[in-house]
Amino acid sequence: MRLALYPGTFDPITYGHLDIVQRALKLFDRLIVAVADSPWKQRLFSLEERLEMVREVVKGWDRVSVEVLEGLLVDKVRRTGACAVVRGLRAVMDFEYEFEMALTNRTLNPELETVFLMTSMEYIYLRSSLVKEVAALGGDVSCFVPPFVERKLQEKLGGAR
Ligand code: COA
């Protein structure tokens, strides 16, 4: 059984992330979407809210589970017995950051493999902060996030409209 871990902040989860989940399921038997606490990163949604959104939007995939990522990613990989970490690559701009992260993780655990999956062209420009900005300014984000997430964005940012 090949288990992989897909870590991220998911603030909030977008169709771009779901595209990566779908692609990862072609390569692995099971996938854990690991939602990082990332307390140093400025976030719109709390960890509980991000977990709720991720759980809701992946509930149709029985081979996907959702867990919290606390502490180091390499430790989570060891604990879960995952054989790889999955990350999405959108454009060249992602490469340097992902390269540094993958090599740091490999230094911490030489056994760890990171698998990069190319995001679909239609989501190549997508990032959570842009979605939040568009939503905060009253724009339509239905082509970027599932309806459940869209509602959560409206609830959270409704006052700003
Ligand atoms: N589609 C759409 N957007 C995507 C995307 C995709 N396929 N892939 C990444 N993004 C966007 C995200 O929306 C996010 O946008 P934002 O900056 O506007 O919020 C950005 O790219 C980065 O997001 P994400 O994939 O969530 O990565 P991250 O950098 O927030 O997460 C962790 C990094 C959580 C994986 C990393 O910090 C980690 O491993 N933490 C655990 C602690 C640890 O081990 N640290 C050492 C790591 S070397």
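**Around the ligand**

Author: Let's start with arginine 87: an N or O atom in its side chain is 3.1 Å from an oxygen atom of the ligand. That makes a polar contact, meaning a pair of N or O atoms within 3.5 Å. Keep in mind that this is a predicted model, where local features need pLDDT of at least 70 and side-chain atom pairs count only at pLDDT 80 or more, while totals for chains, interfaces and linings use all residues. Residues are numbered from 1 along each chain as its sequence is written, and side-chain values use heavy atoms, with hydrogens and water left out.

Now the shell as a whole. It holds 25 residues around the ligand, and Thr9, Lys41, Tyr97, Ser128 and Ser129 come nearest (a residue counts as near if one of its heavy atoms lies within 4 Å). By class, you get 10 nonpolar, 11 polar and 4 charged residues; Ala, Val, Leu, Ile, Met, Phe, Trp, Tyr, Cys and Pro count as nonpolar, Asp, Glu, Lys and Arg as charged, and the others, Gly among them, as polar. Helix α4 gives the most to this shell, with 4 residues (helices are DSSP runs of H or I, at least four residues).

Definitions and conventions
A polar contact is a pair of N or O atoms within 3.5 Å; within protein, one must be able to donate a hydrogen and the other to accept it, and residues adjacent in sequence count only if both atoms are side-chain atoms. Helices (H or I, at least four residues) and strands (E, at least two) are DSSP runs, numbered from the N terminus.
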